[in-house]
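Trainee: Can we go through this one together? I'd like to learn how to read its features.

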Amino acid sequence: MRERKQAVLTKTTLLAKRETLSIDRDTVLLLIDVQEGFKDPKWGRRNNPRAEANIAQLLHTWRVSERPIIHVQHVSQERASVFAPESPGIALQEFARPANGELLVQKRVNSAFIGTELDSSLKERGATTLVIVGFTTDHCVSSTARMAGNLGYRTIVVSDGTATFERRSADNTPVGPEIIHQIHLLSLEGEFAEVLDADMVLTLSEKE
């Protein structure tokens with residue numbers, strides 16, 4: 001009964017958001033680290049296998065409506081990393097590569113704002129709202145969203161447009177990616193960002 005009540009409350013909250021929120025034509029779609037390296041089996045079990053499909057759908061919608069798009073690529077300073085400059089893992093996945101002059105920002109740490117031209121590029125465009133997708137929920141997506149919120153941007157994180165991997169606690173206990181994903185989205189919601197699913201973002205973007 002409690003779970004059913006929670007589901008009803010969640011649905012009601014989403015419907016309320018649909019009535020009060022909007023996404024204007026200047027909203028930037030920010031794709032974070034949609035790179036080949038995250039296909040490497042070394043990462044272990046992942047949640048949300050539809051993340052790439054949802055990102056692709058949002059990317060298509062942004063392109064068709066001629067909204068601004070910025071791609072972020074992680075370039076590791078560690079030679080053994082799957083994101084090292086010489087590694088094939090550094091490449092953006094084919095569906096998510098920049099097209100038609102879309103900006104590519106390269107970063108070396110978790111936040112896409114540190115040591116990059118991202119903030120200045122957004123200010124030059126007059127951008128005030130970001131829709132964030134990419135990898136991973138608890139690392140670069142969360143770090144970027146937190147900083148975006150602190151810098152004053154209206155920040156939307158797409159809950160099913162990101163994912164993460166299983167990790168282990170200090171005592172080597174495995175922690176499932178679903179748990180990690182949800183905890184980080186809950187930490188962002190209301191404090192640093194609005195957390196919406198892809199369908200909601202698409203619906204709101206169609207209102208403009």
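Trainee: Let's begin with Pro98: what does it count as at 33% relative accessibility?

Mentor: Buried means under 20% relative accessible area, exposed over 50%, and partly exposed in between (1.4 Å probe, protein chains only). Pro98 comes out at 33%, so it counts as partly exposed. Keep in mind that this is a predicted model, where local features need pLDDT of at least 70, side-chain atom pairs count only at pLDDT 80 or more, and totals for chains, interfaces and linings use all residues. Residues are numbered from 1 along each chain as its sequence is written, and side-chain values use heavy atoms, with hydrogens and water left out.

Trainee: Where does Pro98 lie, and which residues is it in contact with?

Mentor: Strands (E, at least two residues) and helices (H or I, at least four) are DSSP runs, numbered from the N terminus. Pro98 lies in the loop between β2 (69-74) and β3. Contact means heavy atoms within 4.5 Å. Leaving aside neighbours within four places in sequence, Pro98 touches Arg63, His71, Leu92 and Leu104.

Trainee: And what order do the strands of the open sheet have?

Mentor: Two strands pair if DSSP finds at least two bridges between them. Here six strands make an open sheet, ordered β3-β2-β1-β4-β5-β8, with parallel pairing. β3 (103-107) and β8 (194-196) are at the edges with a single partner strand each, so one side of each has no neighbour in the sheet.

Trainee: Over how many bridges do β5 and β8 pair?

Mentor: Three, in the parallel sense, with β5 covering residues 154-163. Within that pairing, Val158 stands opposite Leu196 in β8.
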